[in-house]
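Me: I am new to this structure and would like to learn how to read it. Could you walk me through some features, one at a time?

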Amino acid sequence: MKDLNQIRQEIDSIDKQLIELFKQRMDCAKAVGEYKKANSIPVLNQSRENQVLDKVENMGGEYGTFARLLYSNIMELSRALQHTIMGSGKALRENILNASPQMETENIKVAYQGIKGANGHEAVLRLFPKGIPTNYKTFGDVFDAVDKGEVSCGVLPVENSNAGSVATVYDLILKHRFYIVGALDLPIDYCLGGLKQSELSDIERVWSHPQSLSQCSNYIAKHNFDSTPCSNTAVAARDVAKEKRLNVAAICSYKAAEEYGLKVLDNHLQDSKGNTTRFIVISKKLYIPENADKISLCFGLPHVTGSLYSVLCRFNSLGLNLTKIESRPMLSDGFEYLFYLDFTGNVRSENVLNLLCALSEELPDFSFFGNYTEL
């Protein structure tokens, strides 16, 4: 039996041969790309790829499935090279390169869902300290306001560190396809706000937004409270003040409790000490700051086995860190999904820009949402 060092030396020798063969294969892929460019032939030829993969799997014997996976990755890289040669994604490339570096933030109207004292209101104040917060009843109303030009941009919650994604907002993002031009991670600290005449022992029911109720579920269960969902935490605080029921309190921010004259009956209700909500800024105009470090996009997938894996391998090959992947059903098609993706990077990197342009040509329902900074 060979010892480990002998086996490793043999592997090193084989690797040298493989690398040289890989380089030769990529040279061929480059030649194919140049031919396709000269003859206006699309990069992707799924029928040809399937034939090669089936042949490779058959030739691979007991390692056939591994060989198929290896060659799937090689083909992804070959197509990426050909897309670069052909200058794929011209419209997207021009849109990105012509984007404004920053938006005017002074005295602009910024939409948020809820009323004064809501977490969305606080997010607007932090993101746009010189802006004009403008409240709307629903998340959909915020998108409509941006669409109609009533406001310059909108601020919306997309994810909480404890309660997860805000599905309604993701669905609206995929419906409207506006740009994301900024983001904020807002620490969330909830209090229990009741009437000034109330005591903690009087409380039997709490009102709040469903996400907030979820973020404080352990506290609610511990005190055996009944819960009532509201459209917003600040709305809950306002309504508790209006209803004047001694046995009802709002789970809300401290600012909301102060704004609507509630007494703080208990502090720090959230289940997680690091409770944080991520807000995004949506706009109909694309802005990409020089120091942008996060990219968002969405896409559908072709009906090909392993298609999602193949796409994600493209990001891995460039060392790009995926920070979010969300699948949402396409309402028009049964059991069809769109994928929303966040990853770190800057589109001024040639490799990143080439990747986006290639994907825009290959993937159905592809949309580039933006490249922005997250505070």
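Reply: Gladly! Let's start with a helix: the buried residues of H1 pack against helix H3 (64-86). Helices (H or I, at least four residues) and strands (E, at least two) are DSSP runs, numbered from the N terminus. Contact means heavy atoms within 4.5 Å. This is a predicted model, where local features need pLDDT of at least 70, side-chain atom pairs count only at pLDDT 80 or more, and totals for chains, interfaces and linings use all residues. Residues are numbered from 1 along each chain as its sequence is written, and side-chain values use heavy atoms, with hydrogens and water left out.

Me: Which residues in H1 are buried?

Reply: Buried means under 20% relative accessible area, exposed over 50%, and partly exposed in between (1.4 Å probe, protein chains only). In H1, these are Met26, Ala29, Gly33 and Lys36.

Me: What span does H1 reach from its first C-alpha to its last?

Reply: The expected span of a helix is 1.5 Å times one less than its number of residues. H1 (residues 4-38) has 35 residues and reaches 50 Å, close to the 51 Å expected.

Me: How do I read a sheet?

Reply: Look at which strands pair: two strands do so if DSSP finds at least two bridges between them. Here, four strands make an open sheet in the order S13-S14-S12-S15, with antiparallel pairing. Strand S13 (322-329) and strand S15 (367-372) are at the edges, each with a single partner strand, so one side of each has no neighbour in the sheet.

Me: How many bridges join S12 to S14?

Reply: Six bridges join strand S12 (residues 294-299) to strand S14 (residues 337-344), and the two run antiparallel. Lys294 stands opposite Thr344 in S14.

Me: Which helix packs on this sheet?

Reply: For directions, axes are lines fitted to C-alpha atoms, for helices over the stretch in contact, and angles run from 0 to 180 degrees between N-to-C directions. Helix H13 (residues 350-362) packs on the sheet and touches S12, S14 and S15; its direction makes about 15° with that of S12.

Me: What is the strand order in the sheet with mixed pairing?

Reply: That open sheet has five strands, ordered S8-S7-S9-S6-S10. Its edge strands are S8 (226-229) and S10 (263-266), each pairing on one side only. From one strand to the next, the twist averages 35°. Helix H10 (residues 233-243) packs on this sheet, and its direction makes about 160° with that of strand S9 (248-252).
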